Amino acid sequence: MRRGAGGRRPTGPQSFLLGCSFLITLGSFAVLPYMSVLLHQRLGLGLGTVGAVLAVASLVQFSGGVAGAALARRIGLRATMLVALGVRTAGFAAFLPGLGSPVLAVGALFLVSCGAALYLPANKAYLVEGARESERPRLLSASGSAFNAGIALGPPAAAPFVLTSPGALFGTVTLLFAAVGAGHALLPPAPPAPEPRPTAAPSPATPPAAAGSPPPRREALPFTVTVLSVYVFMFFQHYLALYAVPRTSASFYGAVLMGYACLLVVAQPLLSEWIAALAYRTAIRVGFGAMAAGTAVIAAGGRPGIGAGAALICLGEIVLFLKNDLEALARSSAEPATVFGRQRLAAGIGAFASGVAGGQLYGIAEGAGMVPGFWLAVSLQCLILPLLPALMTRVRRRRS
């Protein structure tokens, strides 16, 4: 980062990546939120099949980050991003003939998911590779804001064209990704870190940690907390629509999502220094406490409860997701790409577990006519689950 009048500001390559983070999610979320509609209504796949396809694609997108980290170690960060964008561009291009073939459409979706899995660890690693530890919160929060701005604007921008002109929409997104990939080809190699990361001398009998291997004990806490954070967050992501739309309206639900994304964009950079200064266990209590309060307020129903609950969950997401990444970097001597690959793997485990458990839990609550109880059960989990890492540590200490 360069030093400006108001402090340090991103370098040219970092600014370029932040801008591309917005464009990439803008293009992706112009398409991906509507995949269930396209696969079911246009291509005639059953809802059960659609759900299975989307679940597996999500798992690939998250857990495939370890493959992205391993590739970055072998060919470098810039080359990995170029490969990832090439795969995603090919995936979006394959949707054009896939609009008439379910097999091609599903294959195109998995190409897009694979490209996303390869790209994000290398993108984040390039941002922080040459930055001091004190600069990382601002860079990662700016990256998160750029991604969320694209998430907020992509769906409404594409809504008029999804069903009427899907070919033009996919063609435009393909060209956008091709242009972004061409820009990445002009990036310089990632800069070296200004401060060497302290590492213990490796034993000749101890091989270096691989990108997909389980994190060492010191890194296990951020990995575990990331699994739990994404697990509870995805209940909100997956099931708020089923709960909110019948009790309010589709337009109100859309407004809540837009407000949520805008709050993320604005609040995350403003809170980044405060979050970085928090002790990790304090951040865990604040983040899960906000999610517990938010899901409990949602259970009350009505527009005020749903809106206020979403705002509280947004605060929990900001604190937990940023602090987990910062803590994982601080506790690890591995390359940043490896760290972010493991964090993506943790997110994939949490999202998959939430999808499996959430459907069963929501179905039970709906069958009993007690859907608000679903959100109270999630709130209770937000209070109990953060206690598990400390409990596991105590048990381990007693055994040793």
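Trainee: In this predicted model, which element gives the most to the lining of the second largest cavity?

Mentor: Helix α2 does, with 3 residues. The elements that contribute two or more residues to this lining are α2 (35-42) and α5.

Trainee: Which residues line the second largest cavity?

Mentor: The lining consists of Met35, Leu38, Leu39, Leu43, Phe95, Gly98, Leu99, Ala105 and Phe170.

Trainee: How do the residues of that lining divide into nonpolar, polar and charged?

Mentor: They divide into 8 nonpolar, 1 polar and no charged. Gly98 belongs to the lining, and Gly counts as polar by the definition applied.

Trainee: Why is α5 called roughly antiparallel to α6?

Mentor: Helix α5 (residues 77-98) and helix α6 (residues 102-129) pack at an angle of about 155°, with their axes 7 Å apart. Angles over 145 degrees count as roughly antiparallel; therefore α5 is roughly antiparallel to α6.

Trainee: Which residue classes make up the contact of α5 with α6?

Mentor: The contact residues divide into 24 nonpolar, 5 polar and 2 charged.

Trainee: What is the handedness of the crossing in which α5 passes α6?

Mentor: The crossing of α5 past α6 is left-handed.

Methods:
Residues numbered from 1 in each chain as written. Predicted model: local features only at pLDDT ≥ 70, side-chain atom pairs only at ≥ 80, totals over all residues. Heavy atoms only, no water. Axes fitted to C-alpha atoms, helices over the stretch in contact; angles between N-to-C directions. Helix = DSSP H or I, 4+ residues; strand = E, 2+ residues; numbered from the N terminus. Parallel < 35°, antiparallel > 145°, perpendicular 65-115°, else oblique. Left-handed = near helix turned anticlockwise from the far one by under 90°. 1 Å grid on protein atoms, 1.4 Å probe; cavity = no way out; pocket = protein on both sides within 12 Å on 5 of 7 lines; lining within 4 Å.
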